[in-house]
Amino acid sequence: MPSLPEEQVAALSYFNDVIVEEAARTKVVVLDLRLVCEVEEDYSLRSPIEPSTVGGKKIANAMASLLTHWPEGQLGGSLVVGKTCGKA
């Protein structure tokens, strides 16, 4: 989140790491929104942790792409996805 102070980003990184580690342990797919929403315009002006309309569209596109490009019946796994799957 571009507008958060460095200390808050560091604290959030700890929690995000726990989530990613647990997802890998239990073989659950993670769509890492830190890699989807990378610029200031991706976040709401009202809250630095909520997506803006632009960010919401990026998230929806990433989710749709993940579901479209993932092998049928195999959505479980320890994959961490950030950018749109199947596209450069």
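This is a predicted model: local features need pLDDT of at least 70, side-chain atom pairs count only at pLDDT 80 or more; totals for chains, interfaces and linings use all residues.
Residues are numbered from 1 along each chain as its sequence is written, and side-chain values use heavy atoms, with hydrogens and water left out.

Q: What percentage of the residues in the chain is buried?
A: A residue is buried under 20% relative accessible area, exposed over 50% and partly exposed in between, with a 1.4 Å probe and protein chains only. The chain has 88 residues, and the buried share of these is 25%.

Q: What share of the accessible area of the chain do carbon and sulfur atoms supply?
A: Accessible areas come from the Shrake-Rupley method with a 1.4 Å probe; for residues, only the protein chains shown count as cover. The chain exposes about 6,300 Å². Of this area, carbon and sulfur atoms supply 59%.

Q: How many salt bridges does a search of the whole structure find?
A: A salt bridge requires a side-chain nitrogen of Lys or Arg within 4 Å of a carboxyl oxygen of Asp or Glu. Searching the whole structure on this basis gives a count of 3.

Q: Which helix holds both E22 and R25?
A: The side chains of E22 and R25 form a salt bridge, at 2.4 Å from N to O. E22 is partly exposed because its relative accessibility is 37%, while R25 is exposed at 60%. The two residues are 3 apart, about one turn, and both lie in helix 1 (residues 6-26).

Q: Is D32 buried or exposed?
A: D32 pairs with R34 in a salt bridge whose closest N and O atoms are 2.8 Å apart. R34 counts as partly exposed at 34% relative accessibility. D32 has a relative accessible area of 9%, so D32 is buried.

Q: How many residues apart are D42 and K58?
A: D42 and K58 form a salt bridge, with 2.9 Å between the closest N and O atoms. The pair links distant parts of the chain: D42 is in the loop between helix 2 (33-36) and helix 3 (53-69), K58 is in helix 3, and the separation is 16 residues.

Q: Why does D42 count as buried?
A: D42 touches V36, C37, E50, P51, S52, V54, G55 and K58, not counting residues up to four places away in sequence; contact means heavy atoms within 4.5 Å. Its salt-bridge partner K58 is partly exposed, at 31%. D42 counts as buried because its relative accessibility is 0%.

Q: What distance separates the C-alpha atoms of P51 and E40?
A: P51 is found in the loop between helix 2 and helix 3 and is partly exposed at 37% relative accessibility. Not counting residues up to four places away in sequence, P51 touches D42, Y43, S44, G56 and I59. P51 and E40 are 11 residues apart along the chain, and their C-alpha atoms are separated by 9.8 Å.

Q: What percentage of the chain's contacts with a separation of 6 or more joins residues 24 or more positions apart?
A: The contacts considered here are those with a separation of 6 or more. Within that set, residues 24 or more positions apart account for 50%.

Definitions and conventions. Helices (H or I, at least four residues) and strands (E, at least two) are DSSP runs, numbered from the N terminus.
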